Amino acid sequence: MATEQDPPEGEKASEGGWYTCAPPMCFIGNGNYLDGCGDPQWLAAPPAGITISPYQAAAAVAARLSISPIEIGMAPRVNPEFGHRRTHVGVPVWMWVANPGPTTFDGYSVSDSEGGLAVTGSVKVSSLEWDMGDGSVIVCGTKGQSYEAGFGWAESPDCGHMYQQTSQSQAGDRYTISATSRWQFQWEAGGQTGTIDLDTQSSESLEVNEMQTVNVSPNG
C-alpha cells in the first residue's frame, strides 16, 4: 500500500495521484513482470475502471462529512438581566465544548465511496482555537472543563483566559470570541493514505468591564 506522498515537481495533488498495482496485475506473461510494478506511480489519469484519483475521492468524501461547529460553553454564563455575558478585567474566563459528540468534537469512523474508489478512515477534532477578540489566541487540545459554582475564582485547568483590558473600545462594547474546531480527516483510498484538514467555527460575544473601587473615610 502506498503512503501519502507529495506530487512530483510541477504536478498538483488535485490533478493526479499515486497508484499502486496489486502484484497479480504486474504479471505480463512468460514469467515476466512489469518493471517497477508494485511501487507507487504518479498518474495524471486514473487507471481503467477508476474515474478519479484517491486524493480526489477523499476530498469529495470530506466535503460531505457530517461535522458541526461546537456550542460554546463559557463562564461567565449569559446573565438574564443583561441578556449577554459579562465579566471583569482580571477574572478567569472558562471555555469548553457544551455539546460534545461525534459530529461536534469526538469524531467517528468514515466509510464511503467516490468515483469507483472506496474511501475509509476517521474524522475528529485535533484542537480548538479560541480567538478571544483582544489579540489573544488560546489553543486547547481538549474539549475543556465546564465551570461549576464551587470553583470560585479559580482558573480553568485546561482552557481559559483572563482579560487585561475592558471591551469599551470594541463595537457594541463586546469582545467577539471565535471558537475554531480544527478537524482532521485521516483517509485511505486506492492504496494511498492521507490527511485532509477541515474547520468549523462558532462565535460568542462578551462584555468586559473594570471593577470599581470606592474609598470611604474611616470617619464615615
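**View 1. The neighbours of Thr200.** Leaving aside residues up to four places away in sequence, Thr200 touches Ile67, Ser68, Pro69, Ala179, Thr180, Ser181 and Trp183, where contact means heavy atoms within 4.5 Å. This is a predicted model, in which local features need pLDDT of at least 70 and side-chain atom pairs count only at pLDDT 80 or more, while totals for chains, interfaces and linings use all residues. Residues are numbered from 1 along each chain as its sequence is written, and side-chain values use heavy atoms, with hydrogens and water left out.

**View 2. Thr200 in its strand.** Look for Thr200 in strand E14 (residues 192-209); strands here are DSSP runs of E, at least two residues, and helices are runs of H or I, at least four, numbered from the N terminus. Thr200 counts as buried because its relative accessibility is 10%, and buried means under 20% relative accessible area with a 1.4 Å probe, protein chains only. The side chains of Thr200 and Trp183 are joined by a polar contact of 3.1 Å; such a contact is a pair of N or O atoms within 3.5 Å, and within protein one must be able to donate a hydrogen and the other to accept it, with residues adjacent in sequence counting only if both atoms are side-chain atoms.

**View 3. An open sheet.** Here 3 strands follow the order E5-E8-E12 with antiparallel pairing; two strands pair if DSSP finds at least two bridges between them. Strands E5 (72-75) and E12 (160-162) are at the edges with a single partner strand each, so one side of each has no neighbour in the sheet.

**View 4. Where E8 meets E12.** Strand E8 (residues 92-97) is joined to E12 by 3 bridges. Val93 has His161 in E12 as its bridge partner.

Methods
Buried means under 20% relative accessible area, exposed over 50%, partly exposed in between (1.4 Å probe, protein chains only).
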